[in-house]
Amino acid sequence: MAVDPRQVLAGVLTITMFVMLGDMIKRDHFDSLSVEDSEASIHGTRKQSLVSNGGGPWKQDAESLNSCWTKPSLEEADESQGYVAFSLTNGPEYHVSQIADAVVIARYLRATLVLPDIRGSDPADKRKFEDVYDVEQFVKNLDGVVKVEKSLPSKVSQRNLAVVKVPSRVTEEHIADNIEPVFRSKGNVRLATYFPSVNMKKTKENSNIDSIACLGMFGTLELQPEVNGVVESMVERLRTLSRKSNGQFIAVDLRVDILEKKGCQGNSDSKSKSCYGPQEIAMFLRKIGFNKDTTIYLTQPRWDSSLDALKDLFPRTYTKESIMPIDKKAKFLDNENSELEKVIDFYLCSRSDVFVPAISGLFYANVAGKRIASGKTQILVPADISSSSASSTDYISHYVSKKNHFAYSCFC
């Protein structure tokens with residue numbers, strides 16, 4: 001029986017139409033990007049076997065390290081006496097350290113830790129712990145170490161709490177000399193953490209509280225399901241857009257408002273700088289071998305014209321507004337939710353294949369800690385390269401090359 005070629009053609013066109021319709025439905029949760037980007041077809045997480053074959057100096061992830069701290073048993077935890085309250089402030093890079101210090105202090109005092117609230121730089125930006133983090137996991141992870149209550153009992157007033165200042169990475173000596181006497185006298189305290197430095201280098205000698213600090217910093221905070229789902233969807237989207245680099249992408253901590261602050265660039269005579277701008281980051285990445293097809297994620301909240309210099313060399317450069325699911329934008333990209341945006345940036349930078357801190361500080365230091373723990377050690381610190389090319393291995397973070405990050409005291 002003869003087949004009419006027109007029928008064959010009509011069948012092919014019909015199938016093609018349904019395939020295209022299916023693709024449109026899949027993409028409906030995201031903003032439309034370029035035609036070239038929409039051709040990307042990688043799904044799922046990249047396998048560990050992928051190595052440097054994606055048009056740049058990509059490196060294979062190292063194996064995740066095992067925790068080597070000792071968690072106290074239930075028998076060791078004395079009956080709680082009094083309460084330790086505190087707030088998480090300034091963003092997730094601070095939360096990590098604030099939690100660690102609070103856990104160390106509560107354990108030392110044998111006090112009950114009160115679940116903190118979360119406060120942003122704006123006084124009106126205040127939210128509950130469970131808006132960002134998983135409460136059940138937090139309590140479970142601290143079981144046997146300190147007792148955790150969701151709120152102060154009615155008999156204890158916030159106004160009557162004695163406020164004590166706590167330096168980040170608090171020591172036993174500081175607790176004994178400055179916090180314990182107040183706690184014994186007042187019965188309850190509220191911690192106010194300050195950061196005399198952003199140094200996260202490990203100490204030469206391990207102290208008695210290192211295991212508790214390790215648990216507090218790396219074994220307590222987990223994102224609540226909705227927030228984690230947004231991060232995962234954005235990571236997946238970036239991998240999908242990275243077809244030409246085997247699903248691998250770079251996360252760059254670059255925020256225009258920080259770059260514009262006076263003194264950010266440092267002394268012109270200095271060989272090192274605290275910040276690098278879009279043009280400098282573009283040249284750095286190009287000179288160490290990344291090509292124009294490299295996908296880059298920026299922590300900058302919204303696109304700024306100053307970023308065009310980076311996008312000219314790396315067209316596949318995105319901010320969160322172009323890769324976040326549409327149905328999540330109203331909640332997570334609202335001007336009043338800057339803290340949620342910071343959380344997304346922190347955890348996305350912790351999961352990217354390469355992390356480049358264009359800005360030095362605690363964000364860089366604590367992202368580095370999370371990456372070291374998970375084996376994602378390709379952390380490249382920018383520099384002004386005078387030659388036309390250079391090896392990326394020359395710019396690996398000292399936290400990794402010298403293994404001097406506090407995380408190396410916690411994982412082995």
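## Stop 1: helix α6

The buried residues of α6 pack against α3 (92-109), α4 (135-141), α13 and α15 (407-410). Contact here means heavy atoms within 4.5 Å. Buried means under 20% relative accessible area, exposed over 50%, and partly exposed in between, with a 1.4 Å probe and protein chains only. Helices (H or I, at least four residues) and strands (E, at least two) are DSSP runs, numbered from the N terminus.

This is a predicted model: local features need pLDDT of at least 70, side-chain atom pairs count only at pLDDT 80 or more, and totals for chains, interfaces and linings use all residues. Residues are numbered from 1 along each chain as its sequence is written, and side-chain values use heavy atoms, with hydrogens and water left out.

Now select residues 210-218, which are helix α6. How many of the nine residues are buried? Seven are, so α6 is largely enclosed by the rest of the structure. Colour D210, I212, A213, C214, L215, G216 and M217 to see the buried set.

## Stop 2: the whole chain

Zoom out. The protein chain has 15 helices and twelve strands. Of its 412 residues, 48% count as buried. Take the contacts between residues at least 6 apart in sequence: 75% of them join residues at least 24 apart.

## Stop 3: α7 against α12

Select 225-240 for α7 and 338-351 for α12. These helices pack at an angle of about 50 degrees, and their axes are 10 Å apart. That makes α7 oblique to α12. Axes are lines fitted to C-alpha atoms, for helices over the stretch in contact, and angles run from 0 to 180 degrees between N-to-C directions. Under 35 degrees counts as roughly parallel, over 145 as roughly antiparallel, 65 to 115 as roughly perpendicular, and the rest as oblique.

Show side chains next. From α7, the contact uses V227, N228, V230, V231, E232, M234, V235, L238 and R239. From α12 come V343, I344, Y347, L348 and R351. By class, that is ten nonpolar, one polar and three charged residues. Ala, Val, Leu, Ile, Met, Phe, Trp, Tyr, Cys and Pro count as nonpolar, Asp, Glu, Lys and Arg as charged, and the others, Gly among them, as polar.

## Stop 4: aromatic rings

Rings of Phe, Tyr and Trp (its six-membered ring) pair if their centres lie within 6.5 Å; planes under 30 degrees apart count as stacked, over 60 as edge-to-face and the rest as tilted. By this rule there are eleven aromatic pairs.

Select F129 and Y133. Their ring centres are 5.4 Å apart and their planes at 40 degrees, so the pair is tilted. F129 is buried, at 1% relative accessibility. Y133 is buried, also at 1%.

Move to Y364 and Y399. Their centres lie 5.4 Å apart with planes at 50 degrees, so this pair is tilted. Y364 lies in α13 (362-374) and Y399 in α14 (398-401), so the pair ties together parts 35 residues apart in sequence. Both tyrosines, Y364 and Y399, are buried.

Then pick F346, Y347, F355 and F363, which form one aromatic cluster.

## Stop 5: K273 and α9

Where is K273? Look in the loop between α8 (256-259) and α9 (278-287). K273 is partly exposed, with a relative accessible area of 22%. Its C-alpha atom is 9.0 Å from that of P382, 109 residues apart along the chain.

Finish on α9. Its buried residues are P278, I281, A282, F284, L285 and K287. They pack against β9 (249-253), α8, β10 (295-298), α10 (308-313) and β12 (354-357). Just after α9, select G289: its phi is positive, about 115 degrees.
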